[in-house]
Each structure stands twice: as C-alpha cells, then as structure tokens.
Amino acid sequence: MTLCPRSAMVLAAGLGSRMRPLTDTTAKPLLRLGGRALLDHALDHLVDAGVESVAVNAHWQADAVEAHLRQRPTPPRTLLLREEHLLETGGGVRAARAVLGDDPFFVVNGDAFWLNGPISALLRLAAMFDDAVDAVLLVHRTSHVHADVGRGDFSLDKWGTPRRRGEREVVPYIYAGVQLIHPRLLHGMPDGAFSMNRAWDIALAAGRLRAVVHDGIWFHLSTPADLAEAEQILEARVTGDAMWPWH
C-alpha cells in the first residue's frame, strides 16, 4: 500500500543572497514565477498530493511570509515557525518535529519549482518509500537544467540508491529540493543549526537513502537571471514559441 503523507514542511527561512537585489526586501519564496509566488506553487503541489497541514519556517521578511500565508484562500492548513537565528535545512526541520508528527512527511525547499510529469513527483516519492529507507530524494538530470549547477550531486544505481559525487567527478543528477523523510532520519542530530546533508550522509552509510529521478520539468532558481529565464521558458511553453526546449 502506497504511503499517503498528510503533513509537510516548506523551508522558507533562507536569506536568498544570490538572488539579490530581488531579495533585498522580499523573501525568496515570495518571488513570483508564472504569476504566483514560489511558495504558493509549492503549497499547491502539496495539496494536490493529499497533504493537509504544512509547517513553514521563516526568518528574513517573516512578517511578509506570515501575511502571505494568511491571504491564501485555499488549503493546506499552515503554521508559521519563526527562526530567530537561521537553523539551516536540517535544524529547521528538526525544530518543527513537534508539529510534523511521527509519520513520514514531505520537506520542500521554498524556492523549489517543478512541473509534474505523468505522475505527481510527490506521489512518486511516496511510492518509493518503505520501512527500509529513512528518506527519498527527488533528483533531476543536470543535463536538463538551464543554469549552472556545477558537477552535480549524485549518481544512482538501478535500485535508486544514490552515491555522492567524488572529488573531480561529474555526476548526472542534482538534488531538486524535494524529499520525503521519516522522523528517524533526524534521530541523534544536534540542537541548533545543521545541514540536512549531515543526516543524509548517515542514511547513505546505512544504505537507507533512495532517490527518484524527476520526469517533468524543474528549474534551478539561484540568481535573478535564472528566474528571468524560467519565466521566458514558461511563457514559451504556454504560447508554443519555438524557444521552448521540451516537446
């Protein structure tokens, strides 16, 4: 039976430094793409996957993030968690554990933007999840990304088990900012700030991390140029312009 997570977290507390000057006065998840805030796109995906409640952390422009959540006329239920000091990706999720419950839950980066393939990416993560894993990551082919993503993050074997890129190695997949985790992934992690990479490395060493390759469209949104290009590509997709690269 496929897992059906009902809770999730959206990571929206970062400073978005590389997206300046757009983030000088705006939280990065509130930047707009395709006519809507990135945060709304993430929440919409979660609702479509059956998620009922979402914790959203905030630090930079936290008041604006809270006001935006209050204006949403549709589900899911959201709870804003203010971070006085940045806790990074792992620390932010660990701090929200009390409200996320004891069952597996989704974690989505606040700047993650994707279009689903034939099946929802979130549902594909859930289908891969079982008692033998602590987390399932969504990854995307670096060759399909219209941005500088370096040498990639992972390679995968035929069972979806990831391996980190070695020094001077180029690997074919980049983490797409979406994951499904069991709370046990964070057992033994410290209080305060830490990267989710720390927990992933422990799961990797134990053979308890998996990954799913995204079969839709995903944008790496790090700089203003990335955001502008993503907007152009989306517009081309809508209008059928020849610049649209996926047919």
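Analyst: In this predicted model, Arg168 has a relative accessible area of 73%. Exposed denotes a value over 50%, so Arg168 counts as exposed.

User: Where does Arg168 lie in the chain, and what is its phi?

Analyst: Arg168 belongs to the loop that links β10 (162-164) with β11 (173-181). Its phi is near 70°, which is a positive value in a residue other than glycine.

User: Which value does phi take at Gln61, and where is Gln61 located?

Analyst: Gln61 is a residue other than glycine with a positive phi, near 55°. The loop between β4 (53-58) and α2 contains Gln61.

User: Is Gln61 buried, partly exposed or exposed?

Analyst: The partly exposed class lies between the buried limit, under 20%, and the exposed limit, over 50%. Gln61 has 27% relative accessibility, and therefore counts as partly exposed.

User: Let us turn to omega. Which peptide bond joining Arg20 and Pro21 is found, cis or trans?

Analyst: The bond that joins Arg20 and Pro21 is cis, and omega is about 10° there. Pro21 sits in the loop between β1 (7-11) and β2 (32-33).

User: What is omega for the peptide bond from Pro75 to Pro76, and where is Pro76 found?

Analyst: Omega is near 5° for the bond from Pro75 to Pro76, and this peptide bond is cis. Pro76 is in the loop between α2 (62-71) and β5 (77-82).

Note on methods
Residues are numbered from 1 along each chain as its sequence is written. This is a predicted model: local features need pLDDT of at least 70, side-chain atom pairs count only at pLDDT 80 or more; totals for chains, interfaces and linings use all residues. Side-chain values use heavy atoms; hydrogens and water are left out. Helices (H or I, at least four residues) and strands (E, at least two) are DSSP runs, numbered from the N terminus. Buried means under 20% relative accessible area, exposed over 50%, partly exposed in between (1.4 Å probe, protein chains only).
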